[in-house]
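Subject: Handing over a structure, with notes

Dear colleague,

I am passing this structure on to you, and I would be grateful if you could look through it alongside the notes below.

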Amino acid sequence: CDLASGMGVSPGWRALAWLAVVGSCEGGGGLLGLWQRTPLALRGGEAPPMYENHGGTVVGVAGQGFAVLAADTRLSKGFSILSRNVTRIHQLTESVYLGISGCQADADALKNLLDLSIAEYTLTQGSPPSVSAVARLLSTMLYQRRQMPYYTFCLVAGLDADGDGSVFSFDAIGSFEKVSVACVGGSQILVLPLLDDFNTTSDEASEAFFQRWERPGVSPTRQRPKRTVNASLEMALSRVRNAMEAASERDIRLGDSLETLVLQRSQPPASRGERGKDS
């Protein structure tokens, strides 16, 4: 085995290969778990090179009759800028889009896999999947790779059957939640607090939802409060733009251009790009 013999392989990874060959994987966790259990002396002080965070920040907002997905276009590695024109918004169906950040190689692989699965679903069922079906599909794909996950952080945005916005937020191993406002990526801790002032579903609607448990013969989950913001499209776009601009002044991983996608009821998707101050 060339890998085990060490041809072109660093000492730390040669030791890791030998551990894999002799079957020292009892603890589970795949190759990443094996690396974490390998003694530091055998690693050679190296970090596992299968993961690299290339930055990027994606924001999603779900409103009544619209959904907004925004992302920056900077691809970075540490303090180096590798590209200033990387798109992080990917179309999955006519009304469902994916926003993705993290490792660029894993992001490309995951997008290709999603495209193939959605194309197969469309051919089989005769119609494309809904935004909630795409969210469950992505969750399953991420969870299947939980032992060595895709190093990506995703948002799925689209319109539901009523034409209102839907945004789903994911972690790297498939846990997801339907939310009204979401942010993933390198500048999440800077951007998300600036979006917390969005007014979501009123307290009265939430209280009425929980009171339905007390009504005999009425399903309490039949009419859940929608996860949407109580704001207009113009206000949502303005707040997203201001939050991303403020974060770009404090985080070198976010910058260059802001790519924005707007989905509206009974209207075709509209996208636009804006150059940042640091471009």
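Val191 has its place in helix α7, which covers residues 188-191; helices here are DSSP runs of H or I with at least four residues, strands are runs of E with at least two, and both are numbered from the N terminus. Please keep in mind that this is a predicted model, in which local features need pLDDT of at least 70 and side-chain atom pairs count only at pLDDT 80 or more, while totals for chains, interfaces and linings use all residues. Residues are numbered from 1 along each chain as its sequence is written, and side-chain values use heavy atoms, with hydrogens and water left out.

With a relative accessible area of 0%, Val191 is buried, a word that stands for under 20% relative accessible area, whereas exposed stands for over 50% and partly exposed for what lies in between (1.4 Å probe, protein chains only). Leaving aside neighbours within four places in sequence, Val191 is in contact with Thr57, Val59, Cys183, Ala243, Met244, Ala247 and Leu254, where contact means heavy atoms within 4.5 Å. Val191 and Val240 are 49 residues apart along the chain, and their C-alpha atoms are separated by 8.6 Å.

**The protein overall**

The protein has nine helices and 12 strands, and 43% of its 279 residues count as buried. Among the contacts with a separation of 6 or more, 61% are between residues 24 or more positions apart. The accessible surface comes to about 14700 Å², of which 52% belongs to carbon and sulfur atoms; such areas come from the Shrake-Rupley method with a 1.4 Å probe, and for residues only the protein chains shown count as cover.

Helix α9 itself has 16 residues and reaches 23 Å from its first C-alpha to its last, close to the 22 Å expected at 1.5 Å a residue, the expected span being 1.5 Å times one less than the number of residues. The buried residues in α9 include Leu233, Ala236, Leu237, Val240, Ala243, Met244 and Ala247. Because these cover an arc of only 135° around the axis, they are on the same side of α9; the arc is that of the directions from the helix axis to the C-beta atoms.

**Helix α6**

Which elements do the buried residues of α6 pack against? They pack against β6 (96-102), α5 (104-125), β7 (152-159), β8 and β9. The buried residues in α6 include Val131, Val134, Ala135, Leu138, Ser139, Met141 and Leu142, and they cover an arc of only 165° around the axis, which puts them on the same side of α6. The face turned away from this buried side carries the exposed residues Arg136 and Gln144.

Strands β8 (residues 165-170) and β9 (residues 176-179) run antiparallel and are joined by four bridges, two strands being counted as paired if DSSP finds at least two bridges between them. Phe168 has Lys178 in β9 as its bridge partner. The hairpin has five residues between the strands, and Gly174 takes a positive phi near 100° there.

**Loop residues**

Asp251 and Asp256 both lie in the loop between α9 and β11. Asp251 is buried, with a relative accessible area of 10%, and touches Gly186, Ser187 and Leu190, not counting residues up to four places away in sequence. Asp256 is buried as well, with a relative accessible area of 1%, and has a positive phi of about 70° although it is not a glycine. Ser266, in the loop between β11 and β12 (270-275), is not a glycine but has a positive phi of about 65°; Ser266 is exposed, with a relative accessible area of 77%.

With kind regards
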